[in-house]
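Hi everyone, thanks for making time for this. I'd like to walk you through one structure, so please have the viewer open.

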Amino acid sequence: MKTTAIQIIKNSLQGEALLKKNTCIGDLKNVFVDEAARIALPQERIVYEVEAYLPVKEGTEGGLFWGITKLYPGKVGNEYHMTRGHFHAQSDRAEYYWGLEGDGVLILMDRKRYTWVEEMKPGSLHYIPAHTAHRVANTGNTMLSFAACWPADAGHDYEEIAKNGFSARLLDTEGSPKLKSV
Ligand code: PAN
Ligand code: ZN
């Protein structure tokens, strides 16, 4: 029997033609509340890595993509390392995230700018509804890895979050994560 083109080995995707992207401190201008703290950090420090399997062309109706995000532990000021976050460009597209390793928090915001959170840990399954921005923060001291499955025609709208942000931020408050409205 043939083996599959792609395999998941120790929370990493293995195979050919995978999309790989690293996001560093230097790429995350104005993403964290404390921009001065971000500037003071080594700009080449990796915050997260994404490995994705895109078996069909981006934009294919009915297609699915699959990826793993590895979010390194760390903070920028009092804010945990987190993904940039986005709505889907095709806003009515939903997504699944699920926790593989580490401890974190999935931050979700609907179009009315109502923000809520879900605890992310190994085995936690998260249904991200349509029209909902999503971002993950690593609240632990170890790597946080999660898998994602999303429609090939979802696309990413980073502009809206770049312009208006989320309505709340997850900050280290006396040693534990607290969601604070902004
Ligand atoms: C994920 C994210 C990934 C990185 O695959 O793209 O976790 O986060 P940002 O895209 O917000 O930088 C996903 O949600 N795809 O739709
Ligand atoms: Zn998404």
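This is a predicted model: local features need pLDDT of at least 70, side-chain atom pairs count only at pLDDT 80 or more; totals for chains, interfaces and linings use all residues.

Let's start with the metal. Which residues hold the zinc ion, ligand 2? They are H86, H88 and H134, each through NE2, together with E95 through OE, at 2.1 to 2.3 Å. There are six donor atoms around the zinc ion, with angles of 74 to 171° among them, and the site comes out as octahedral. If you like sequence patterns, the donors are spaced as H-x1-H-x6-E-x38-H along the chain.

Now, are H86 and H88 buried or exposed? H86 has 8% relative accessibility, so with the cut-off of 20% in mind it counts as buried. H88 is buried too, because its relative accessible area is 3%.

H86 brings us to the largest pocket, where it turns up again among the residues nearest the centre, along with V50, W150, H156 and Y158. The lining has 24 residues in total, and the space inside is about 460 Å³. Where does the lining come from? The elements that give two or more residues are β3 (19-24), β4 (46-53), β5 (64-71), β8 (95-101) and β13 (144-151).

Between β9, residues 104-110, and β10, the antiparallel pairing runs over six bridges. To find your way in, pick M109, whose bridge partner in β10 is T115.

Last stop, the backbone. Most residues other than glycine have a negative phi. Here are two with a positive one. K10 has a phi of about 50°, and it is found in the loop between β1 (6-9) and β2 (12-15). A17, with phi near 60°, lies in the loop between β2 and β3. Why do both count as exposed? K10 has 80% relative accessibility and A17 has 74%, so each passes the cut-off of over 50%.

That's my tour, and I'm happy to take questions.

How values were computed
Residues are numbered from 1 along each chain as its sequence is written. Chains are lettered from A and ligands numbered from 1 in the order in which they are written. Side-chain values use heavy atoms; hydrogens and water are left out. Donors are N, O and S atoms within 2.8 Å of the metal (3.2 Å for Na, K and Ca); water is not among the atoms, so sites may look incomplete. Four donors count as tetrahedral if all angles lie between 85 and 135 degrees; four count as square planar and six as octahedral if opposite donors are over 155 degrees apart and all others between 65 and 115; anything else is irregular. Buried means under 20% relative accessible area, exposed over 50%, partly exposed in between (1.4 Å probe, protein chains only). Two strands pair if DSSP finds at least two bridges between them. Helices (H or I, at least four residues) and strands (E, at least two) are DSSP runs, numbered from the N terminus. On a 1 Å grid over the protein atoms alone, a cavity is a set of points where a 1.4 Å probe fits but cannot get out, and a pocket is an open set with protein on both sides within 12 Å along at least five of seven lines; lining residues have an atom within 4 Å of a point. Grid points are joined across faces, edges and corners, and a volume is the space filled by probe spheres set on the points.
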